[in-house]
Amino acid sequence: MDHIHTIPVLDALREPQGCAFCVMRGNLERTTVQFIMSPAYMEDDVRRETNHAGFCKRHLSAMYDAQNRLGLALMLHTHLLYVNDKLDGLAKGDFAFKWPGKSKGDPIDKLSQYAKTVDAGCYVCNRVEKTFDRYMDTFFHLWGKGGDEAELIKAQSSYCLPHFINLLDAAAGFGKSKRERFMEDFVRKQIKAMRGLADDLDWFTQKFDHRNADLPWNNAKDALLRAVALFGGSHG
């Protein structure tokens, strides 16, 4: 029986261009923001998680753009109360120290450590990462079982570098025969695509020479955008 995440993985693989994993992640981030800005934010278990984790800058912006001002205000209010209580507890509970103390037990150090965890935390990121890991498992499940789904995966020309690294990390535990298949289906295609992009990017730069102004762009017109997407990925 196929994994529960088969449909979103296959939908992303059928996109006409770009990194399929970027498409998966972009779709997943949008649905996660939609989820948290729906009545789900009123559920006790969800609110406990958002109070603890908070939100990163990028997802706060996406949530603000979702136009549910009341929902966002309610979540940030209880998250702020939670953070304030933690900060107040650390300040009061650890205030007896010799100034200017430098040990890890100093309240300034503990307050700093906690504030950094608040700044780095994000409910949306956590939820996306958890599901995205399952997408990766489903991807390799489909590739391994063969058939039309495996052929769809093999038809992919390349991936962004961050997600290609994810693929390489996942392949670290493969046996010899599976590694050989991986080299053929992913690595060689990725290298070929990156070499082609380098050629396109070279011609993109040469088009700035007035002597080449009237020559055709060939495949180079969007080469810079594709190079940015290769190295930085895309959130869709």
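Predicted model: local features only at pLDDT ≥ 70, side-chain atom pairs only at ≥ 80, totals over all residues.
Reader: What makes up the fold, in terms of helices and strands?

Author: There are 11 helices and 0 strands, where helices (H or I, at least four residues) and strands (E, at least two) are DSSP runs numbered from the N terminus.

Reader: How does the radius of gyration of the protein stand against that of a compact globule?

Author: The protein has 24 Å, whereas a compact globule of 236 residues would have a value near 18 Å; the radius is taken over C-alpha atoms, and the globule rule is 2.2 Å times the number of residues to the power 0.38. Along the principal axes, the C-alpha atoms fill a box of roughly 70 × 55 × 40 Å.

Reader: Why is H5 called buried?

Author: Buried means under 20% relative accessible area, exposed means over 50%, and partly exposed lies in between (1.4 Å probe, protein chains only). H5 has a relative accessibility of 16%, and therefore counts as buried. H5 sits in the segment before α1 and, leaving aside its neighbours within four places in sequence, is in contact (heavy atoms within 4.5 Å) with T131, R134, Y135 and T138.

Reader: Is Q156 buried or exposed, and how do you know?

Author: Its relative accessible area is 10%, so Q156 is buried. Q156 lies in the loop between α8 (148-154) and α9 (161-171), and beyond its neighbours within four places in sequence it contacts L13, A20 and K189.

Reader: What makes a space a pocket rather than a cavity?

Author: On a 1 Å grid over the protein atoms alone, a cavity is a set of points where a 1.4 Å probe fits but cannot get out, while a pocket is an open set with protein on both sides within 12 Å along at least five of seven lines; lining residues have an atom within 4 Å of a point. The largest pocket holds about 640 Å³ of space, a volume being the space filled by probe spheres set on the points, which are joined across faces, edges and corners.

Reader: Which residues lie nearest the centre of the largest pocket, and which element gives the largest share of its lining?

Author: Of the 28 lining residues, Q17, G18, C19, S158 and R226 lie nearest the centre. The elements that give two or more residues to this lining are α1 (6-13), α2 (20-36), α10 (176-206) and α11 (223-232), and the largest share, 7 residues, comes from α10.

Technical notes:
Residues numbered from 1 in each chain as written. Heavy atoms only, no water.
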